[in-house]
Amino acid sequence: IELARIDQPARTLVVSSAMPGEGKSTIVRNLALAFSESGKRVAVVEGDLRHPTLAGLFGVSIGRGFTEVLRREATLEDVMLLVGSAPAGLDDFVGAHASITDEHRTPGNGNGNGRGAPGGTVSLLLAGQRPANPPAVLSSGRVVEVLNELRDAYDIVLIDSAPLLAVTDTVPLLRYADASVFVGRLGVTTRDTAKRLAEFLARVPAVDVLGVVANDLSRLEASGYGYGYGYGEYSDEPQPERASLARPVSRVEQPH
């Protein structure tokens, strides 16, 4: 993410997905702690006002947050939470995911249980009380005021947003942010969904997509991607026909 925009680093970053269940909130949490470990001042904003999950991921109690600040019922100083986690190694992350079998997977949001993340401190702004009309709230000028205040106070602001193809809440946040990252999950995200997401983003002006996170890669699958994958792997031999767009990506498929 830092190397994608060396000359103009992204100060505000939206993390989203096409549909629920792809693990965007887990990615937000881990990105926040990683940025914090690198010495940056990090703020996390829970912009998914319909289904907030960050309180559980960070191990804090649900309370007042973003919506109360937007309504001027509280200040950022009143509701910002300073959170962190004990240090852990990469194997703790990979092992936790690899131990989950396909039989025990559920169509949840892909979030972890809040343990095993790198140490560090992060300022967290929870969603707060759910508003009656989230799209109208997030497209208001007050949201820009609050996000600008956070931008001035922190090195990077990570915004956890609602799934883009499920609701329209995220569109104003994409237009505001410097850049965005989208999360896809193996076995959940279909090629058809990815295609529709790309078509949707093409219709939203001034959106800078840095890339896509391939989430939930098992230890066995991850071991196939190493330094041995180089230019020598390419050839002029005919490649097998790609699978149907509507079929979910198999957990055992390996791209050429």
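E68 touches E73, A74, G128 and Q129, leaving aside residues up to four places away in sequence; contact here means heavy atoms within 4.5 Å. The model is predicted, so local features need pLDDT of at least 70 and side-chain atom pairs count only at pLDDT 80 or more, whereas totals for chains, interfaces and linings use all residues. Residues are numbered from 1 along each chain as its sequence is written, and side-chain values use heavy atoms, with hydrogens and water left out.

E68 is found in helix α3, residues 66-70. Helices (H or I, at least four residues) and strands (E, at least two) are DSSP runs, numbered from the N terminus. E68 counts as buried because its relative accessibility is 6%. Buried means under 20% relative accessible area, exposed over 50%, and partly exposed in between, with a 1.4 Å probe and protein chains only. The side chain of E68 reaches the backbone nitrogen of G65 at 2.8 Å. Such a polar contact is a pair of N or O atoms within 3.5 Å; within protein, one must be able to donate a hydrogen and the other to accept it, and residues adjacent in sequence count only if both atoms are side-chain atoms. From C-alpha to C-alpha, E68 and V79 are 8.7 Å apart in space and 11 residues apart in sequence.

K24 lies in helix α1, residues 24-37. A polar atom of the K24 side chain lies 2.9 Å from the backbone oxygen of S161. Leaving aside residues up to four places away in sequence, K24 touches V15, S16, S17, D48, D160, S161, A162, P163 and V183.

Helix α1 has 14 residues. From its first C-alpha to its last, α1 reaches 20 Å, close to the 20 Å expected at 1.5 Å a residue. The expected span is 1.5 Å times one less than the number of residues. The helix is mostly covered, with 11 of its 14 residues buried. These are K24, S25, T26, I27, V28, R29, L31, A32, L33, F35 and S36. Just after α1, G39 takes a positive phi of about 100°.

The protein chain has 10 helices and seven strands. An open sheet of seven strands has mixed pairing and the order β3-β4-β2-β5-β1-β6-β7. β3 (81-84) and β7 (209-215) stand at the edges, each with a single partner strand, so one side of each is left without a neighbour in the sheet. Two strands pair if DSSP finds at least two bridges between them. Neighbouring strands are turned by 25° against each other on average, direction ignored. Axes are lines fitted to C-alpha atoms, for helices over the stretch in contact, and angles run from 0 to 180 degrees between N-to-C directions.

Strand β1 (residues 12-17) runs parallel to β5, and four bridges join them. β2 and β5 pair in the parallel sense over five bridges. β2 also pairs with β4 in the parallel sense, over three bridges. A43 stands opposite V157 in β5 and opposite S123 in β4. Five of the five residues of β2 are buried, so this strand is largely enclosed by the rest of the structure. V42, V44 and E46 point one way from β2, and A43 and V45 the other way. In a regular strand the side chains alternate between the two faces of the sheet. Helix α7 lies across β1, β2, β4 (121-125) and β5, running at about 140° to β5.

The largest nonpolar core has 33 residues. A nonpolar core is a set of buried Ala, Val, Leu, Ile, Met, Phe, Trp, Tyr and Cys residues joined through side-chain atoms within 4.5 Å. V45, F66, L125, L147, L150 and L164 touch the most other members. β2 (42-46), α3, α4 (76-79), α7 (141-153), β5 (156-160), α8 (171-176) and α9 (191-202) each supply at least two residues of this core. Apart from it lies another core, of 24 residues, among them L13, L31, F35 and I156. L150 touches V45, L76, M80, L125 and V157, not counting residues up to four places away in sequence.

Over the protein chain, buried residues make up 41% of the 256 residues. Among contacts between residues at least 6 apart in sequence, 86% join residues at least 24 apart.
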